[in-house]
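Reader: Could you walk me through part of this model, slowly please?

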Amino acid sequence: MSRRPHMVFTATTAFPIGNTLSSISYPKNLMEQFSRFMNQYFLLIACLQLWSLITPVNPASTWGPLIFIFAVSATKEAWDDYNRYLSDKTANEKQVWIVRKGIKQHIQAQDICVGNLVWLRENDEVPCDLVLIGTSDPQGLCYVETAALDGEIDLKTRVIPSACTGIDFELLHKIKGVIECPNPDKDIRRLDANLRLFPPFIDNDVCPLTIKNTILQSCYLRNTEWACGVAVYTGNETKLGMSRGIPEPKLTAMDAMIDKLTGAIFVFQIVVVIVLGIAGNVWKDTEARKQWYVLYPDNDPWYELLVIPLRFELLCSIMIPISIKVSLDLVKSLYAKFIDWDREMIDRRNRYPIPCDKHSNKICCISGNFYGNEAGDASKDKRLLNAISSGSPDVVRFLTVMAICNTVIPVRSKTGDIVYKAQSQDEDALVHAAAKLNMVLTNKNGNILELRFNTLAIQYEVLETLEFTSDRKRMSVVVRDCQNGKIMLLSKGADEAILPCASA
């Protein structure tokens with residue numbers, strides 16, 4: 001694999017990090033519009049109406065609505081492009097903290113160069129692809145939201161390379177070394193790179209880097225006070241930038257269905273027009289010329305055979321009225337506005353969509369016994385509370401899975417309370433529910449998990465973590481019970497993934 005070195009404090013070229021105003025041109029918009037069969041059909045009918053010999057109506061009755069619809073569509077696309085341009089401009093000009101030549105300074109995101117040290121605070125958007133070298137977490141962990149890259153709302157865990165472990169916060173801005181990275185690519189799940197720090201930090205040992213040691217452009221730093229990283233890809237060379245291409249025209253399911261129906265009706269029209277056209281031409285040659293008031297010329301032009309079929313085509317065009325396009329576009333716009341106006345879909349306190357209740361645990365099933373119900377709270381079910389008090393093995397095992405089959409990090413607040421930093425709201429809800437039922441995750445020190453159940457202190461060693469993926473639809477951890485040395489595989493996930501693996 002070809003590689004190119006990136007000196008940590010050697011600046012190269014800076015690139016803007018956003019898109020540009022690209023698809024505002026009307027010819028491009030017209031090509032996109034006419035890629036749909038329904039629009040091609042309306043254009044055909046409008047063109048046929050320009051031939052005065054076959055049209056019974058004024059062509060303006062079709063051309064007027066058609067031009068108006070396309071103009072409105074093009075204007076809307078231009079407005080959307082302009083808003084994207086403003087959004088990109090805001091992103092490019094956003095202020096970020098960097099360290100350049102040992103000096104911490106504020107610059108615009110578009111001026112970040114490869115090799116700069118970039119400092120991020122909680123909830124900051126990542127301006128370029130970074131290799132982590134430090135975080136506020138003592139274990140070197142941080143959490144990132146990658147929804148802009150892969151559409152997954154669960155937080156992902158990222159960790160600093162082993163070579164950077166133990167470096168004091170005050171020394172991070174003085175760190176020097178070399179990162180060797182492959183040529184830019186769009187694979188957001190893989191990075192094959194190496195890191196070498198210069199003395200006195202480490203004696204030139206090579207430390208391998210993976211995607212777990214990076215945070216990529218357009219991700220957000222979550223549940224982490226601060227993080228520091230080295231810019232390795234910027235601008236269009238980031239993973240996100242390499243993934244950008246010419247966007248394909250989007251077609252909704254409704255539009256696709258209308259296009260198919262339009263095509264089917266058009267085929268039916270063609271059959272009708274051919275039959276009626278042949279019958280009309282036969283009648284013209286056998287009967288019409290005998291009628292003095294028809295006034296057919298003796299010598300017809302070569303295109304005379306097409307006149308009658310095309311007249312029938314225009315008469316049949318009412319099968320697909322142009323008003324259907326107007327109605328569809330109007331209805332979609334109104335539906336979008338209705339969603340924006342729906343106050344029931346907004347959290348009135350913070351104006352965001354209502355999140356799931358992290359303390360909710362309505363119903364659970366343990367060894368065939370159901371506790372709680374849809375209208376209540378399982379944590380208040382007396383039968384379940386009695387089973388917990390008596391130390392029922394099945395209930396204890398169930399609560400243990402809820403408490404440790406996750407990547408949640410417990411943190412002590414200044415007041416002494418336990419605060420959980422979770423990758424997803426689901427994991428947060430499960431850990432809180434287990435804590436409410438006396439199975440409290442109290443500490444995580446390296447691979448050792450500490451639990452408190454009633455008055456007992458329990459420890460487990462995490463041997464392996466199999467994170468949740470869309471293919472497996474479940475998460476698993478392999479743990480060793482520190483009391484008896486027993487090794488267990490604990491899993492949680494979707495019913496369709498877990499039930500086939502469960503024994504009767």
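Reader: How many strands form the open sheet, and in what order?
Author: In this predicted model, 5 strands form an open sheet in the order β18-β19-β20-β21-β22, with antiparallel pairing; strands (E, at least two residues) and helices (H or I, at least four) are DSSP runs numbered from the N terminus, and two strands pair if DSSP finds at least two bridges between them.

Reader: Which are the edge strands?
Author: They are β18 (439-445) and β22 (487-493), each of which pairs on one side only, and the twist from one strand to the next averages 35 degrees.

Reader: And how many bridges join β20 to β21?
Author: Strand β20 (residues 456-466) is joined to strand β21 (residues 474-481) by 6 bridges, and L466 stands opposite S476 in β21.

Reader: Switching topic, at what angle do α10 and α11 pack?
Author: Helix α10 (residues 393-404) packs against helix α11 (residues 425-436) at about 135 degrees, with the axes 7 Å apart, where axes are lines fitted to C-alpha atoms, for helices over the stretch in contact, and angles run from 0 to 180 degrees between N-to-C directions.

Reader: Which residues make that contact?
Author: From α10 there are L399, M402 and A403, and from α11 there are L430, V431, A433 and A434, contact meaning heavy atoms within 4.5 Å.

Reader: Where does α10 lie relative to the sheet strands?
Author: Helix α10 lies across β18, β19 (448-453), β20, β21 and β22, and runs at about 135 degrees to β19.

Reader: Anything on the numbering and cut-offs?
Author: Residues are numbered from 1 along each chain as its sequence is written, and side-chain values use heavy atoms, leaving out hydrogens and water. Local features need pLDDT of at least 70 and side-chain atom pairs count only at pLDDT 80 or more, while totals for chains, interfaces and linings use all residues.
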